[in-house]
Amino acid sequence: MINMKVLANDGLDQSGIDVLEGKGFEVITQKVPQESLADFINDEKIRVLLVRSATQVRAALIDACPSLEIIGRGGVGMDNIDVEYARSKGIHVINTPSASSASVAELVFAHLFSGARFLQESNRQMAVLGNTDFARLKKSYEKGIELRGKTIGIIGMGRIGQEVAKIALGLGMRVIAADNQIGKASIKVRFYNNQFINVDIETEPLEGVLRHADFITLHVPAQKNGAMIGEREFAMMKDGVAIINCSRGGVIDEDALLSALDSGKVAFAGLDVFINEPTPSEAILKHPKISLTPHTGASTLEAQDRIGISLAEQICSILQVN
């Protein structure tokens, strides 16, 4: 049990720390600046590097740190890690693809309910004008809409997309989906009393989802060749559509989104991710029709607990620590 050091540079839930320390690992959770990371890893002889989305693990860092045996990402996407390069060097790369799916899906609906009932704007205005202009505010926000009976279009029917579908079906929504890797998704909707229903959802071309959905939610990886949703795609959508992005910044062309919001083509948007994180554009941040969160899709206590335990168990398995 010599030199069993783990650097959780973007933090790790206590549940994961407890599992690792119980197996003899030393878990370091101090935040090491990116420019000092290679020296720290080498000086401390770190064997396992755990990150979230902030720390970048590129080829230069991998080459500079021969002690690394495992790189772990707490979450799903690994676009901040040069995964194939690391694996070509014999380093194990792990993540937690299912641990935060339910948390992200619930945030999608937090944004949908917020936009459907103008919460993102009324919360701001009530704090300023609620005791002097109540009647006018009431009239301004009286034309909310219900989700029940509407059509939600899910772009990307992986784990998170399927969790979104479960919630939507429970709300009485019609679900349509697009995914170029999955032809059919079998959704099991469980209820509190252990009853369940099974619903098969056949995916269709993206254009069909764009044309027929009342609400659109994106669950796709970071795009290498520009935005997936731009002017062309907005033009295909229904007038008054709403769109949610809790996947990756850059999936939606933000300038095209602003234009669509201003014209009324898009009724509202919900964004958890942005092109210029951690400094999103002021135009996006200040727009009254956008519900905003600072990339917190996976940030629930339950998800962090699952992520920590999953990473710890994978590390122990790879390093054969019993």
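Which residues are buried in H5? The points below take up this question and others for a model that is predicted.

1. Helix H5. The buried residues of H5 are Ser-101, Ser-103, Val-104, Ala-105, Leu-107, Val-108, Phe-109, His-111, Leu-112, Ser-114, Gly-115 and Ala-116. Because twelve of its 16 residues are buried, H5 is largely enclosed by the rest of the structure. From its first C-alpha to its last, H5 reaches 23 Å, close to the 22 Å expected at 1.5 Å a residue. The helix is followed by Phe-118, whose phi is positive, near 60°.

2. Helix H13. This helix covers residues 301-318, has 18 residues and reaches 26 Å between its first and last C-alpha, close to the 26 Å expected at 1.5 Å a residue. Its buried residues are Ala-303, Gln-304, Ile-307, Gly-308, Leu-311, Ala-312, Ile-315 and Cys-316. The elements that the buried residues of H13 pack against are helices H1 (14-22) and H5 (101-116), together with strands E3 (48-51), E4 (70-73) and E5 (92-95). After H13 comes Gln-320, with a positive phi near 55°.

3. Aromatic pairs. Two aromatic pairs are present in the structure. The ring centres of Phe-118 and Tyr-141 are 5.9 Å apart and the planes stand at 35°, so this pair is tilted. The pair links distant parts of the chain, 23 residues apart: Phe-118 belongs to the loop between H5 and H6, and Tyr-141 to the loop between helix H7 (134-140) and strand E6 (151-155). Phe-118 is partly exposed, with a relative accessible area of 25%, and Tyr-141 is partly exposed at 21%. The other pair is formed by Phe-215 and Phe-268, and it is also tilted, since the ring centres are 6.4 Å apart and the planes are at 45°. Phe-215 in strand E10 (residues 215-218) and Phe-268 in strand E12 (residues 266-271) are 53 residues apart, and this pair too links distant parts of the chain. Phe-215 counts as buried at 2% relative accessibility, as does Phe-268 at 5%.

4. A charge over a ring. Lys-188 is placed over the face of Phe-196, at 4.3 Å from the ring centre.

5. Nonpolar cores. Which residues touch the most other members of the largest nonpolar core? Of its 28 residues, these are Ile-229, Phe-234 and Ile-243. At least two residues of this core come from each of strand E7 (174-178), helix H9 (206-212), E10, helix H10 (231-236), strand E11 (241-245), helix H11 (254-263) and E12. H11 gives the largest share, five residues. Not counting residues up to four places away in sequence, Phe-234 touches Ile-229, Ile-243, Ile-252, Asp-253, Ala-256, Leu-257, Ala-260, Lys-265 and Val-266. There is a second, separate core of 27 residues, and Leu-112, Ala-168, Val-175 and Ile-187 are among its members. Leu-112 is also one of the buried residues of H5.

6. Is Gln-120 buried or exposed? Gln-120 is buried, because its relative accessible area is 12%, which falls under the 20% cut-off. Leaving aside neighbours within four places in sequence, Gln-120 is in contact with Ser-114, Gly-115, Pro-288, Lys-289, Ile-290 and Ser-291. Two of these, Ser-114 and Gly-115, are buried residues of H5. A polar atom of the Gln-120 side chain lies 3.1 Å from the backbone oxygen of Pro-288.

7. Backbone geometry. Where is the cis peptide bond that involves Pro-278? The bond runs from Glu-277 to Pro-278, with omega near 5°, and Pro-278 lies in the loop between E12 and helix H12 (282-286). Phe-118 has a positive phi of about 60° although it is not a glycine. Lys-45, likewise a residue other than glycine, has a positive phi near 55°. Lys-45 is located in the loop between helix H2 (37-44) and E3, and it counts as partly exposed at 46% relative accessibility.

Notes. Residues numbered from 1 in each chain as written. Predicted model: local features only at pLDDT ≥ 70, side-chain atom pairs only at ≥ 80, totals over all residues. Heavy atoms only, no water. Helix = DSSP H or I, 4+ residues; strand = E, 2+ residues; numbered from the N terminus. Expected span 1.5 Å × (residues − 1). Buried < 20%, exposed > 50% of the residue type's maximum accessible area, 1.4 Å probe, protein only. Contact = heavy atoms within 4.5 Å. Polar contact = N/O pair within 3.5 Å; in protein donor to acceptor, adjacent residues only side chain to side chain. Phe/Tyr/Trp six-rings, centres within 6.5 Å; stacked < 30°, edge-to-face > 60°. Lys NZ or Arg CZ within 6 Å of the ring centre and 35° of its normal. Core = buried A, V, L, I, M, F, W, Y, C linked by side-chain atoms within 4.5 Å.
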